[in-house]
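Reader: I am new to this structure. Please take one part and look at it closely, then tell me what else deserves a look along the chain.

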Amino acid sequence: MDLKAMLKRQPRIESASLAGWTAVCRARRPAQVRRFLDAAGPHRVILGASRHRLDGWLATDLIPKSRHHVYLDATEPFPFPDGSIDRLLCEHMIEHIPAEAGAGLLAECARVLAPGGRLRLAT
């Protein structure tokens, strides 16, 4: 039996494993975001990337699927300064959060987008 199958049969182990992974991802996020913002732009971010990655984009997700993805809970303030992001991509994610949190997500998008920045939102 592989590890994924074993974890699915033991929900408490899966929950503890997920909590540990989330803690690791939260701890390394400041350095990841700093490196991303220090690099030459344009600065482009995918919200709720799941397993997807695009060259030149920072992939974020509530449960990062790899070390290349950055932890981001879209219902909380984004870890980016005001006006620091040129493009935001949010596809098939906003429908998974409550309407009030969705309004907060849109406010955060407006806050972090640079003048002339763009948000692509699809659901």
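Author: Start with S50. S50 sits in the loop between β1 and β2. Keep in mind that the model is predicted. The phi angle of S50 is near 55°. That is a positive value, and S50 is not a glycine. How open is the residue? S50 counts as partly exposed, because its relative accessible area of 29% falls between the limits of 20% and 50%.

Find H92 in the loop between β4 and α3.

Stay in that loop for a moment. I97 also belongs to the loop between β4 and α3. Is I97 buried or exposed? I97 is buried, because its relative accessible area of 17% is under 20%. Its contacts can be named. Set aside the neighbours within four places in sequence, and I97 is in contact with T75, G102 and L105. Take T75 from that list. T75 and I97 are 22 residues apart along the chain. Yet their C-alpha atoms are separated by 7.7 Å.

Now follow the chain into helix α3. This helix covers residues 99–112. E108 is placed there. E108 is buried, because 14% relative accessibility is under the 20% limit. What does E108 touch, apart from residues up to four places away in sequence? The answer is E76, P77 and F78. With F78 there is a 2.7 Å approach. On one side is a polar atom of the E108 side chain. On the other is the backbone nitrogen of F78.

Side chains of opposite charge can pair when their charged atoms come close. The side chains of E108 and R111 meet in a salt bridge, at 2.7 Å from N to O. Where do the two stand in helix α3? They are three residues apart, so about one helical turn separates R111 from E108. R111 is partly exposed, at 26% relative accessibility. E108, at 14%, is buried.

R111 forms a salt bridge with D82, and here the closest N and O atoms are 2.7 Å apart. This pair links distant parts of the chain. R111 is in helix α3, while D82 is in the loop between β3 (70–71) and β4 (85–91). The two are 29 residues apart. D82 is exposed, because its relative accessible area of 58% is over 50%. D82, E108 and R111 are linked in a network of salt bridges.

How many salt bridges does the whole structure hold? A search finds four. One of them joins D61 and K65 through their side chains, with 3.7 Å from N to O. D61 is buried, with a relative accessible area of 10%. K65 is partly exposed, at 34%.

Next comes a look at empty space. Rolling a probe the size of a water molecule over the atoms shows where such space is left. The second largest pocket has a volume of about 340 Å³. Its lining counts 17 residues. Which of them lie nearest the centre? They are F36, R53, W57, L58 and H68. What is the lining made of, by class? Nine residues are nonpolar, four are polar and four are charged.

One last stop concerns the backbone. G41 and P42 are joined by a cis peptide bond. Its omega is about 5°. Where does the proline sit? P42 is in the loop between α2 and β1, and that strand spans 44–46.

I97 is buried in the loop between β4 and α3. E108 meets R111 in a salt bridge, and R111 forms another with D82. The second largest pocket has F36 and W57 among the residues nearest its centre. The cis bond lies between G41 and P42.

Definitions and conventions:
Residues numbered from 1 in each chain as written. Predicted model: local features only at pLDDT ≥ 70, side-chain atom pairs only at ≥ 80, totals over all residues. Heavy atoms only, no water. Helix = DSSP H or I, 4+ residues; strand = E, 2+ residues; numbered from the N terminus. Buried < 20%, exposed > 50% of the residue type's maximum accessible area, 1.4 Å probe, protein only. Polar contact = N/O pair within 3.5 Å; in protein donor to acceptor, adjacent residues only side chain to side chain. Contact = heavy atoms within 4.5 Å. 1 Å grid on protein atoms, 1.4 Å probe; cavity = no way out; pocket = protein on both sides within 12 Å on 5 of 7 lines; lining within 4 Å. Points joined across faces, edges and corners; volume = space filled by probe spheres on them. Nonpolar A, V, L, I, M, F, W, Y, C, P; charged D, E, K, R; others polar.
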